[in-house]
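Here's a quick tour of a protein model for your first look at structure. Have the sequence and the 3D view ready, and follow along point by point.

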Amino acid sequence: DLIFFINKNDYADSLSVSPVAAIKNAPIIYLDKTGSIDTASANYLKSVKGKVKNAYIIGSTEVISISMMTNASAALGLTGSKAIQRIAGCNSHDTCIAINSMFKSVLSSTGICVAKGLDFPDALAGGVFAALYKAPLLLAADRLSEAQTKFLQNKGAENIYVFGGTGAVSDELAKRIADAGKTKPNA
């Protein structure tokens, strides 16, 4: 009864929502920014039409246009207050925080998972771990955004799981993440 729509060229948004999608057993459907829905996806959406209660576009209108969002809503038969909702931040890192905040009841772990946001291998493997432990995934950059810092302060994670070596997430960044959440990173 839940579907996520992602731009097919934006792996960061896919990684960000992957723990929630795995926990909720929800498909992730890949779309172009504009145009029409590809035939295979359209056929799948037709097969679940009327069964989906909640659907989300992940990313801003720069990632998936309003017209594509309208096409996806129509394909699912979702209109009015039941139309697809958009989850977005000002960039991929903050979109990840918006997802974590929207689904905080699903991501109920006392831990948080961290992976480099500009490269996907560590986040891909880490997303599986995050789903298993119902932990939010934080896509890291060289510095924390205001939204990330606020999220970490509100989360107050007991454990931080950093994926990848220090070339992916530096010890300094791991410490800043831990300090923001007033926690100590796991080695």
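The buried residues of helix 7 are covered by, among others, strand 5, strand 6, helix 6 and strand 7 (159–162). Here, helices (H or I, at least four residues) and strands (E, at least two) are DSSP runs, numbered from the N terminus. Buried means under 20% relative accessible area and exposed means over 50%, with partly exposed in between (1.4 Å probe, protein chains only). Whatever covers a residue is in contact with it, and contact means heavy atoms within 4.5 Å.

Keep in mind that this is a predicted model: local features need pLDDT of at least 70, side-chain atom pairs count only at pLDDT 80 or more, and totals for chains, interfaces and linings use all residues. Residues are numbered from 1 along each chain as its sequence is written, and side-chain values use heavy atoms, with hydrogens and water left out.

**More on helix 7**

- Leu173, Ala174, Ile177, Ala178 and Ala180 are the buried residues of helix 7.
- Looking down the axis of helix 7, you'd find its buried residues within an arc of 165 degrees, so they line one face of the helix. (The arc is that of the directions from the helix axis to the C-beta atoms.)
- Turned away from that buried side is the face with the exposed residues Asp171 and Glu172.
- After helix 7 comes Lys182, which has a positive phi, near 50 degrees.

**Helix 6: a similar exercise**

- In helix 6 (residues 146–155), the buried residues are Gln148, Phe151 and Leu152.
- These residues span an arc of only 95 degrees around the axis, which puts them on the same side of helix 6.
- Gly156 follows helix 6, and its phi is positive, near 55 degrees.

- (Two strands pair if DSSP finds at least two bridges between them.)
- (Axes are lines fitted to C-alpha atoms, for helices over the stretch in contact, and angles run from 0 to 180 degrees between N-to-C directions.)
- Four bridges link strand 5 and strand 6 in the parallel sense.
- Opposite Val114 you'll find Leu138 in strand 6.

- Another open sheet has four strands in the order 2-1-3-4, and the pairing is parallel.
- Its edge strands, strand 2 (28–31) and strand 4 (85–87), each pair on one side only.
- From one strand to the next, the twist averages 30 degrees.
- Strand 3 (residues 54–58) and strand 4 run parallel and are joined by three bridges.
- Ile58 has Ile87 in strand 4 as its bridge partner.
- Across strand 3 and strand 4 lies helix 4 (residues 92–102), running at about 125 degrees to strand 4.

- Asn9 sits in the loop between strand 1 (2–7) and helix 1 (11–24), and Asn9 is exposed, with a relative accessible area of 63%.
- From Asn9 to Asn154 it's 145 residues in sequence and 31 Å in space, C-alpha to C-alpha.
- Ser73 belongs to helix 3 (residues 66–76) and is buried, with a relative accessible area of 8%.
- Leaving out residues up to four places away in sequence, Ser73 touches Leu78, Ala83 and Ile84.

**The largest pocket**

- The largest pocket has a volume of about 220 Å³.
- Its lining includes Ile97, Lys104, Pro136, Phe151 and Asn154. (On a 1 Å grid over the protein atoms alone, a pocket is an open set of points where a 1.4 Å probe fits, with protein on both sides within 12 Å along at least five of seven lines; lining residues have an atom within 4 Å of a point. Grid points are joined across faces, edges and corners, and a volume is the space filled by probe spheres set on the points.)
- Helix 4 and helix 6 are the elements that give two or more residues to this lining.
- Helix 6 supplies the largest share, five residues.
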